[in-house]
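Here is a set of questions and answers for a reader new to this structure. The sequence and the model come first.

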Amino acid sequence: MKPTVLILCTGNSCRSHMAEGILRQAAGDLLNVQSAGSTPAGYVHPKAIAAMAEIGIDISGHHSKHMGEFLGQKVDTVITVCGNADQACPMFAGQVHRHHWGFEDPARATGTEEEILEKFRQVRDQITLVFRAYAAGLQQAFP
């Protein structure tokens with residue numbers, strides 16, 4: 001059984017879904033990658049879906065979930081991608097690792113539609129760098 005990595009954010013609408021899609025693509029053969037939120041927004045942000053589609057990752061089928069759904073499951077690694085989720089994060093059964101890699105919330109961006117989409121792209125690219133490096137380290141540790 002693949003180890004579970006749970007990526008947490010407050011709303012589970014942008015950053016955690018982008019990270020889930022990227023990590024699933026980069027290390028899905030090694031991991032069961034999931035995402036959730038401490039206060040789920042109830043949707044995946046359309047601009048997050050659009051920004052991910054630009055790099056060939058489809059997250060349109062994702063849905064917003066509460067982190068409580070995972071409390072009864074074995075979660076090996078928890079990664080928080082926003083400060084609020086880091087503070088609200090409980091310990092999960094079987095949890096061995098915890099990381100906090102904070103990213104700016106693109107849903108708070110202001111400006112024109114194009115300027116807002118550009119903020120989503122910037123955050124996506126930052127998440128891509130961090131999570132692909134994480135996946136590469138796992139692949140070296142578990143060839």
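Q: In which strand is Thr77 placed?
A: The model discussed here is a predicted one. In this model Thr77 belongs to a strand that covers residues 77-80. That strand is E3.

Q: Is Thr77 buried or exposed?
A: A residue counts as buried when its relative accessible area is under 20%. Thr77 has a relative accessible area of 5%, so Thr77 is buried.

Q: Which residues are in contact with Thr77, leaving aside its neighbours within four places in sequence?
A: Contact here means heavy atoms within 4.5 Å. With sequence neighbours within four places left aside, the partners of Thr77 are Thr4, Val5, Leu6, His97, His99 and Tyr134.

Q: In what order do the elements of the protein run from the N terminus on?
A: The protein has four helices and four strands. From the N terminus on, their order is β-α-β-α-β-α-β-α.

Q: What is the radius of gyration of the protein?
A: For 143 residues the globule rule gives 15 Å, and the value for this protein is close to that, so the protein is as compact as a globular protein of that length. Along its principal axes the C-alpha trace spans about 45 × 30 × 25 Å. The radius of gyration is 14 Å.

Q: What share of the contacts with a separation of 6 or more is between residues 24 or more positions apart?
A: Of the 143 residues of the protein, 49% count as buried. Among contacts with a separation of 6 or more, the share from residues 24 or more positions apart is 68%.

Q: How far apart do the centres of the positive and negative side chains lie?
A: The accessible surface of the protein is about 6,900 Å², with 54% of it belonging to carbon and sulfur atoms. There are 12 positive and 14 negative side chains. The centres of these two sets are 4 Å apart.

Q: How many residues of H1 are buried?
A: Helix H1 takes in residues 15-27. Its end C-alpha atoms are 18 Å apart, which agrees with the 18 Å that its 13 residues should span at 1.5 Å a residue. Strand E1 (4-9), strand E2 (32-37), helix H2 (46-53) and helix H4 (113-141) are among what covers its buried residues. H1 is mostly covered, and the number of its residues that are buried is 11 of 13.

Q: Which residues is Arg15 in contact with, leaving aside its neighbours within four places in sequence?
A: Arg15 lies in H1 and is buried, with a relative accessible area of 8%. Beyond four places in sequence, its contacts are Cys9, Val81, Cys82, Phe103, Glu104, Asp105, Pro106, Val123 and Ile127.

Q: Where is Asn12 found?
A: Asn12 counts as buried, at 0% relative accessibility. Its phi is near 50 degrees, a positive value in a residue other than glycine. Asn12 is found in the loop between E1 and H1.

Q: How far apart in space are Ala51 and Ala107, C-alpha to C-alpha?
A: Ala51 is in helix H2 and is buried, with a relative accessible area of 0%. Not counting residues up to four places away in sequence, Ala51 touches Leu117, Phe120, Arg121 and Arg124. Ala51 and Ala107 are 56 residues apart in sequence, and their distance in space is 12 Å.

Key:
Residues numbered from 1 in each chain as written. Predicted model: local features only at pLDDT ≥ 70, side-chain atom pairs only at ≥ 80, totals over all residues. Heavy atoms only, no water. Helix = DSSP H or I, 4+ residues; strand = E, 2+ residues; numbered from the N terminus. Buried < 20%, exposed > 50% of the residue type's maximum accessible area, 1.4 Å probe, protein only. Expected span 1.5 Å × (residues − 1). Rg over C-alpha atoms; globule rule 2.2 N^0.38 Å. Areas by Shrake-Rupley, 256 points an atom, 1.4 Å probe, with all protein chains shown as cover. Lys, Arg positive; Asp, Glu negative; His and termini not counted. Charge placed at Lys NZ, Arg CZ, Asp CG, Glu CD.
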